[in-house]
Amino acid sequence: MPRVSSSDHPLPVAQLSSIENLLSISELVALVLQALEAKNTLISWFGRPTTSGEEAGVVVTAVLLTPEGLCVRRAHVAAGSSYPSLTTQFPAAQIFERELWEQTGLLPDGHPWLKPVRFEGVRQQHINDYPFFKVRGTEVHEVGVGPIHAGVIEPGHFRFMCHGEQVQHLEIQLGYQHRAVEALLLQKPPQRLSPLVESIVGDSVLAYSWAFNAALESLANRPVAPATQASRAIGLELERVAMHLATLTGLATDIAYLQPAGTYQRLRTAIINASQRVCGNRFGKGWIRPGASAPMGEALRADVLKTLRAFLPDLQQVNALMTSSRSTQARFKGVGTVSVRAAQDLGLTGVVARASGMACDLRYTLPDGLYAAHPPQLLTQATGDCWARVRQRMQEIEASTQWLMDRLADPTLNLADTRDPFAQTSPSENWPLAPNAQVVSLVEGVRGPVMVALETDASGQLLHAKVQDPSLANWFGLAFALRKQQISDFPICNKSFDLSYCGNDL
Amino acid sequence: MFQSLAVRKAQGTQFIRDLRAAQPGGFRGKPLISDQTCAPNCRLCQEVCPSNAIELKADHADAVAIDLGRCVLCGDCAPVCPSQKLSFNNDVKLSATTRQGLVVTAARPHIDPVVMSAELHQRFGRSLKLRSVSAGGCNGCEMEVNALSNVNFDLGRYGIDIVASPRHADGLVLTGPISRNMMAALQICWEAIPEPKLVIAVGACAISGGVFADSEAIGREFLDKYPPSLYVPGCPVHPLTFISGVMDLLGIA
Ligand code: SF4
Ligand code: SF4
């Protein structure tokens, strides 16, 4: 499923020196604007400072999703310069341009909302200096919550600017979880990074480790066995089921409907315990390693299949209980609505974008391996409210469970002939990586596309690692969803988005 | 109504009756170090370890030491060892009351048992309210802390609960390596918890920095000032590791 490419035509590894000359920033901006005009998707816009041997400045990478596949284009821009902000025409670029500016100093001229994303580098510990938007007027008041919240949840600050009872604007300030992950990825040999990669976002372990290892395998030109691909897809879908269940638990709790909450909890326990029996860890840590993936022999396969067969009817039963309740409908319907137009403009992605009616799902649009052979159903909702996000998650769990059961019951599917991450290895084996190459790898995780982009220098050493969680773009969607709502709607809006703080903060 | 009854019937009884006896199937838990001699000059396990958890003492009979305060139970050291010295069992009882007690070797295969505190038993043995602070973690430990109160583990049955306000708390459950950006908020939260109070360090991140220990974006001075009463290893911690550790610490029968 991860699609690895560095040109219009998906290639396993793109040698930058041979396939492209770096564009000028104005050429790249024009190319991106044209692509966005033609309704393509800007997956990412990121950069790195140049290193010794390069002309001083910033190398900017644009990743676009077009009907032909991924398109990756790069530009060099001299130190201390700026470029006309994309955001002024396409708001979806806002967070990428902010991040690029924060990480490299490259100024997007005319950006309407140029604020730090995560207070990294020299800005660490200056997080209290965040320049909040101000709403002025009589009866205007502000409510600030966090970074520490009431529940067991990651830290972040939410500032509600209200007029009377209504939220006019919500500003979400993140960065508290910043661990400098991208820098850490350059400190150890890439083949030993899996445990770190698995802890970038601990509820999306499979998505991150698959995206990272696919990029690495591509740079090393070491395609994996079909059984390895298939095992990874099985793990990823189990992760999707488990994490959507965690969100539904939270949503049921937030509306004080305790019976479904308790039921979703125990159903999730059954799934993550099955993952543990496959790979040794309830969150899928250890499932994927370079060139390897947890093998599933007959017994394990039957075990997981049995778990899923017992799970599905109980899941359907509790979903029916939850959705048929009038008070549940009353609480979720028409709250926190993001129209399809707004979702597109804001560049929302993944499950929340699908709940607003956007037909985006990489398992469907860029299928590979098991997903190409057995396309999952593309599910969307029409209404874009909390109810739609609840329904979307319920349907995705049911679809993934059915898909998993079909795959596991298919005797022609080989899940055993994959290199076992814990089989005796000769560890001195160090894969040479293609020099001067950049690889972009994408996996549709539970929240949406997880991206890992790796770049090597002339000697084949990792030069730059870029990681991107779908939450990065989606946090603004949550802020938008709160407009003209009440503060008391925040918990269900927040939970229905269920975005990652550590994935944003890195 | 009937739907609700049907869901109730399907739910059955979910709680784990004896939390201390439970053994999670397939869990990669405690590292076991055999007394095989290491291959000459071999440092492979140390080299692959993502969190510097392995100490090697060459020419020492008890050559390999694994620090469970750093170990993320990733398992990567086992397959690279040419002497096949390392393996894991599904033991969840990994908590200790001292930092040093978390180190295992071939000659010292067990983590020091959690020492029951008479003082804590007397004060909190029937009710312990904890405030959780996530400070730079990956949300894995946070999800497992949440799982403590689910229908399966139901830690509330022993009066142990996670509470919303630090003012209502007897202690702090710390997860994450403490990012610099969270240092101030963590300190404020700690100060808001009334005395007497304790710190429980949950997960490799909180205990040692875990896989983020070498990051320039973390600052761990807090733990120098307020040493934990209990260390709960794992990445993420298994709920049963937390539960058995806390029950032993409080002397809950
Ligand atoms: S299992 Fe523990 S000791 Fe072994 S490599 Fe992983 S973190 Fe290091
Ligand atoms: S110890 Fe592991 S699971 Fe826990 S927060 Fe740290 S990285 Fe995540």
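## A strand hairpin in chain A

H157(A) stands opposite Q173(A), a residue of β11(A). The structure described here is a predicted model. Strand β10 of chain A, residues 157-163, runs antiparallel to β11(A), and 7 bridges join the two. In the hairpin that they form, 2 residues lie between the strands, and G164(A) adopts a positive phi near 60 degrees.

How many residues of strand β11 of chain A are buried? Of the 8 residues in this strand, which spans 166-173, 6 are buried, so β11(A) is largely enclosed by the rest of the structure.

## The largest pocket

The largest pocket has a volume of about 1200 Å³. Its lining comprises 41 residues, of which G151(A), V152(A), G250(A), K495(A) and N146(B) are the closest to the pocket centre.

Both chains supply elements to this lining: α7 (226-254), α8 (258-279) and α17 (490-497) from chain A, and α5 (140-147) and β7 (160-162) from chain B, each with at least two residues. Which element gives the most to the lining of the largest pocket? That element is α7(A), with 7 residues. By class, the lining residues of the largest pocket are 19 nonpolar, 12 polar and 10 charged.

## The second largest pocket

For the second largest pocket, the volume is about 990 Å³. There are 38 lining residues, and those closest to the centre of this pocket are N40(A), T41(A), L42(A), Q344(A) and M358(A).

The elements that give two or more residues to the lining of the second largest pocket belong to chain A. The helices are α2 (25-37), α11 (340-346), α13 (362-365) and α16 (471-481), and the strands are β4 (41-49), β5 (57-66), β14 (437-444) and β15 (449-456). The lining of the second largest pocket divides into 21 nonpolar, 10 polar and 7 charged residues.

## The ligand shells

Around ligand 1 there are 13 residues, and C49(B), C71(B), C74(B), G75(B) and C77(B) come nearest. Which classes make up the shell around ligand 1? The shell around ligand 1 holds 11 nonpolar and 2 polar residues, with no charged residues.

Ligand 2 lies between chains A and B. From chain A, S199(A) and K285(A) are around ligand 2; from chain B, the residues are G137(B), C138(B), C141(B), G203(B), A204(B), C205(B), F212(B), G234(B), C235(B) and P236(B). Helix α7 of chain B, residues 203-208, gives the most to the shell around ligand 2, with 3 residues. In that shell, 7 residues are nonpolar, 4 are polar and 1 is charged.

Definitions and conventions. Residues are numbered from 1 along each chain as its sequence is written. Chains are lettered from A and ligands numbered from 1 in the order in which they are written. This is a predicted model: local features need pLDDT of at least 70, side-chain atom pairs count only at pLDDT 80 or more; totals for chains, interfaces and linings use all residues. Side-chain values use heavy atoms; hydrogens and water are left out. A residue is near a molecule or strand if one of its heavy atoms lies within 4 Å of it. Ala, Val, Leu, Ile, Met, Phe, Trp, Tyr, Cys and Pro count as nonpolar, Asp, Glu, Lys and Arg as charged, and the others, Gly among them, as polar. On a 1 Å grid over the protein atoms alone, a cavity is a set of points where a 1.4 Å probe fits but cannot get out, and a pocket is an open set with protein on both sides within 12 Å along at least five of seven lines; lining residues have an atom within 4 Å of a point. Grid points are joined across faces, edges and corners, and a volume is the space filled by probe spheres set on the points. Helices (H or I, at least four residues) and strands (E, at least two) are DSSP runs, numbered from the N terminus. Buried means under 20% relative accessible area, exposed over 50%, partly exposed in between (1.4 Å probe, protein chains only). Two strands pair if DSSP finds at least two bridges between them.
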